[in-house]
Amino acid sequence: MRASGVSRLLLAACVAAGLGTPCPASGSDAPAPARRGGPLTDPPGPLVGVKIYEPVADTGALLGEWSRLGIDTAFVAPAFESGDFVAAARRRGIRTLLIVPVFYNPEYLAAHPDAWAITGRGERAKQEWVEFVCPSREDYRQRRLEEAVGLLEKHRPDGLSLDFVRHFVFWEKVGPEARIGPLDTTCFCRHCLARFERDTGVAVPGDAGATTTDAARWLLANETDAWTRWRAALVTSWVSDLVREARRVEPDVVVGAHLVPWGRRDYDDGLLRVAGQDVEALGRLLDYVSPMCYAHMLRREPSWIARVAEEFARRTDVPVLPSIEVARSYREEELDDAFFAAALRAALAPPSDGVVLWSWPRLAESPSRREILLRRGR
Ligand SMILES: [Zn+2]
């Protein structure tokens, strides 16, 4: 039995604001009462969210356009929130979820070069802009927890949206036919190996662990399942800590996560084996999950989005909010209006609980895509 909490929250807010339902498209200027998080409660309509990373010149105009389009949730990078956006959005009945990158942290790595996650080849977990911190560093865990709590206390958003809460993989560039070599996964650093041995009682034989690659080969050949489960549990433990700390500060806060959009049959259960995202375990901790279903980027058909959402809905009891792209990325070929409309329809098809558009600036620059959104892809 699945909760449809996001919509419940939205409905409660709309009713409270006197906007009726479906409310977000009303465009009313009527101020909504303060609402933050709140256990996600039942709603009639799907959630419509946008991701936004950079400040805009005119917040009022932005929120007015979002209301017109029926956008009810903003997934906001902390750099975007300069002090008054959360409150202004709340007055318009628009919920804000601050994006919290967990293991992607180039600034931290620049200052702490010993904190890199390490691949089975003994190399830093870096591919182009993707740079990952090792998940076994307890000082980093403490720091990230404090930073997340600090964001909540400072901005009082409706929730937190955890991003990069996984092991290293540049999944945006993994095509449908690709293979992901086990030695290209992480983290095989000495901290992780010692922790794995301590937690599981499995010992890497001395002669098998002479180098990082030797140890990785031995683990992958002899203790594949224990290793896979352990490193996924490590990610889950971070989510558990982040959720616990967030709720300690704000009991009704919403906490969800952006997940790699792979099903069990993709890359030999790559979601668990590579990304270390145990979707069943994460679903028990979070208030929603948002698979990043960038079909054009990943060279999939729009209908694939609905299949991913259906699988995530089957594997969790929380709302599933597929994120879709508004324009092309990492490809030369154009993502046209027809593709966007089909992707939007697929993202909104039951059992999905809504859609998250990546990202607002790409939508802002395309009048035709905004009208497609207004018509919900029809
Ligand atoms: Zn490590």
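Colleague: Which residues have the most contacts inside the largest nonpolar core?

Modeller: This is a predicted model. In it, the largest nonpolar core has 103 residues, and those with the most contacts inside it are Ala 117, Leu 160, Val 289, Ile 305, Ile 324, Leu 344 and Ala 347.

Colleague: Take Ala 117. What is it in contact with, leaving aside neighbours within four places in sequence?

Modeller: Ala 117 is in contact with Ala 125, Phe 132, Val 133, Cys 134, Phe 168, Thr 186, Cys 187 and Cys 189.

Colleague: And how much of the protein chain is buried?

Modeller: Of its 378 residues, 47% are buried.

Colleague: Strands next. Is β10 covered on one face or both?

Modeller: Both. Gly 354, Val 356 and Trp 358 are buried on one side, and Val 355 and Leu 357 are buried on the other. In a regular strand, side chains alternate between the two faces of the sheet.

Colleague: Which strands pair with β10?

Modeller: β1 (residues 47-52) pairs with β10 in the parallel sense over four bridges, with Leu 47 bridged to Gly 354. β9 (residues 323-325) also pairs with β10 in the parallel sense, over three bridges. There, Ser 323 has Val 356 as its bridge partner.

Colleague: Switching to helices. At what angle do α6 and α8 pack?

Modeller: About 105°, with the axes of α6 (residues 190-200) and α8 (residues 224-249) 11 Å apart. The two helices are therefore roughly perpendicular to each other.

Colleague: Which residues make the contact?

Modeller: Phe 196, Asp 199 and Thr 200 from α6, and Ala 226, Trp 227 and Trp 230 from α8. By class, that is four nonpolar, one polar and one charged.

Note on methods. Residues numbered from 1 in each chain as written. Predicted model: local features only at pLDDT ≥ 70, side-chain atom pairs only at ≥ 80, totals over all residues. Axes fitted to C-alpha atoms, helices over the stretch in contact; angles between N-to-C directions. Parallel < 35°, antiparallel > 145°, perpendicular 65-115°, else oblique. Contact = placed C-beta atoms within 7 Å. Nonpolar A, V, L, I, M, F, W, Y, C, P; charged D, E, K, R; others polar. Core = buried A, V, L, I, M, F, W, Y, C linked by C-beta atoms within 7 Å. Buried ≥ 20, exposed ≤ 12 C-beta atoms within 10 Å, placed from the backbone. Pairing = 2+ DSSP bridges.
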